[in-house]
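This report covers ring contacts, cavities and salt bridges. Each term is given with its cut-offs where it comes up.

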Amino acid sequence: MARFYTLTFSLLLLLTAFSITDSDAQTPRYEVLPAPDIWYNDVDGILLGLRLTGQVPGTFEDGPHRLDAGIWMGLWWPSLPVSYRITYTEPIRPWSDYGSEANIQFNSSVRTGYHDHGIGFNKRWQQGFDERRYREFSFYNSYERRFDDEYAAFPALWSDDHKILTTLTYELQNDNRFGWYNIETTGRLQYLNDLYSAWTLRATQGINFHEYWGLRLRSFTGIATENAAPEYLFSRSVRPAVQWLESGSTRAKGTIRQPWMESGNIHVAGGANLRGYTSQDIGTFQISCLETDDAGNCLNEGASPNLFSSFTSINAEFDYWNPIAKVFNNIPYASEFLSFRSYLFFDAGMSLGVQEGEPDDLFSNAGAGFSLSLNIPDYLGKPRGFVLRYEIPFWLSDPGDEDSFKLRHLVGFGAVISF
């Protein structure tokens, strides 16, 4: 059935790859703009694809009947060689204004071993022409399921359950006397079979002392109820597994080499974000089979992943001057998109003890880091690009079998605190 739906959507996408024109004026009333795409993971191999952007000419991502779609073919011919993603957005004109659109959005995707099909409502409120000051609300109902664990970098972090979810998200960004701040809260409710919910709250605050000196603060709290699937639970160091689907780099195993991921030296920003505990946590994500039968099937497994039903944390980064940042700032034009940071960081967090048996210890770490970011904002000012980090967590309050003070090395993807 999944193969049937995939091929059906593939044909639909290919059939829409043209411009619809007015027969009298011979001017396009609607256009679909194709662009080639190439990617890689360890299951599909090289993915050759086509991205399609549909729009009314001249609206520049801000008009009616918006289409954002893609179709890919895996050259290693896995069990499901064709994958797709399609999102259709229709503004609700009576509730929309410049920068403050309300819309209905339809989404369907089958890729990297994951189903996601749903319909959502989104509303944005923007202060005048300043896209930095806004409020956003979204309401999304979806069917989701991990149907192929082979794509997951760490299968122990996933369930194979069918899920019907309602997701509510609210985000606020503005400035105060200290600088820019951002608050985002998300709640999920799962209805099918075992009822459970998960809720997160994240708040960030930037404090600039000078062009190169400043303080960035972030707080995070996450709570999941009993029976929540492991992809919604919280680790100390990296984002919940379901959020790995949000980035092409972490969506499937092998885009970042799997030995690197298993080494514990790769950090994926998000969640509680106690980055110094990445190696310890990744070690528990790799469930090893202790005994197999004659057919190679696992009879028992090692310890379960180190996940929490509740966790709260605070992250702090202190920016300081460095000559490389000054060089980047002096590059004509490129300085608008490229930036380099050097900073000291401190992270601390603990379980809230919502579920019995979770340790109530306070975990903390400190270190130094550098980051390089490329950002080309979209028409709403939202970041589009990447952030690469190199960090040295040189102190851990709970180092396990290691010394508290030690040179540890992390390569990070995504910003811990971004403005």
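## Charges over rings

A charge is taken to sit over a ring if NZ of Lys or CZ of Arg is within 6 Å of the ring centre and within 35 degrees of the ring normal. R236 meets this with F363, its charged end lying 4.8 Å from the centre of the ring. R124 is placed over the face of Y134, at 4.5 Å from the ring centre.

## Basis of the values

The model is predicted, so local features need pLDDT of at least 70 and side-chain atom pairs count only at pLDDT 80 or more, while totals for chains, interfaces and linings use all residues. Residues are numbered from 1 along each chain as its sequence is written, and side-chain values use heavy atoms, with hydrogens and water left out.

## Aromatic pairs

Rings of Phe, Tyr and Trp (its six-membered ring) pair if their centres lie within 6.5 Å; planes under 30 degrees apart count as stacked, over 60 as edge-to-face and the rest as tilted. The whole structure contains 13 aromatic pairs. Y40 and W76 form an edge-to-face pair, because their planes are at 90° with the ring centres 5.9 Å apart. Y40 belongs to strand β2 (residues 28-41), and W76 to the loop between β4 (66-74) and β5 (82-91), 36 residues apart. Strands here are DSSP runs (E, at least two residues), numbered from the N terminus. Y40 has a relative accessible area of 31% and is partly exposed; the classes are buried under 20%, exposed over 50% and partly exposed in between (1.4 Å probe, protein chains only).

F340 and F370 are stacked, because their planes are at 25° and their ring centres 6.3 Å apart. This pair links strand β17 (residues 338-350), which holds F340, to strand β18 (residues 363-375), which holds F370, across 30 residues. F370 is partly exposed at 34% relative accessibility. Ring pairs also join F154, W244 and F285 into a cluster.

## Cavities

A cavity is a set of points, on a 1 Å grid over the protein atoms alone, where a 1.4 Å probe fits but cannot get out; lining residues have an atom within 4 Å of a point.

Residues lining the largest cavity include R146, F154, W158, W244 and R251. Its lining is made up of 9 nonpolar, 1 polar and 2 charged residues (Ala, Val, Leu, Ile, Met, Phe, Trp, Tyr, Cys and Pro count as nonpolar, Asp, Glu, Lys and Arg as charged, and the others, Gly among them, as polar). F154 and W244 are also members of the ring cluster.

## Salt bridges

A salt bridge is a side-chain nitrogen of Lys or Arg within 4 Å of a carboxyl oxygen of Asp or Glu. There are 20 in the structure. One of them joins D37 and R51 at 3.3 Å, N to O; D37 is in strand β2 and R51 in strand β3 (residues 45-55), 14 residues apart. D37 is buried at 18%, whereas R51 is partly exposed at 33%.

D319 and R216 form a salt bridge at 3.1 Å, N to O. D319 lies in strand β16 (residues 310-319) and R216 in strand β12 (residues 214-224), so the pair ties together parts 103 residues apart in sequence. Both D319 and R216 are buried. E402 meets R408 at 3.2 Å, N to O; E402 is partly exposed at 36% and R408 buried at 10%. Through shared partners, salt bridges connect R216, R275, E317, D319, R341, D347, R389 and E391 in one network.

Terms used: Helix = DSSP H or I, 4+ residues; strand = E, 2+ residues; numbered from the N terminus. 1 Å grid on protein atoms, 1.4 Å probe; cavity = no way out; pocket = protein on both sides within 12 Å on 5 of 7 lines; lining within 4 Å.
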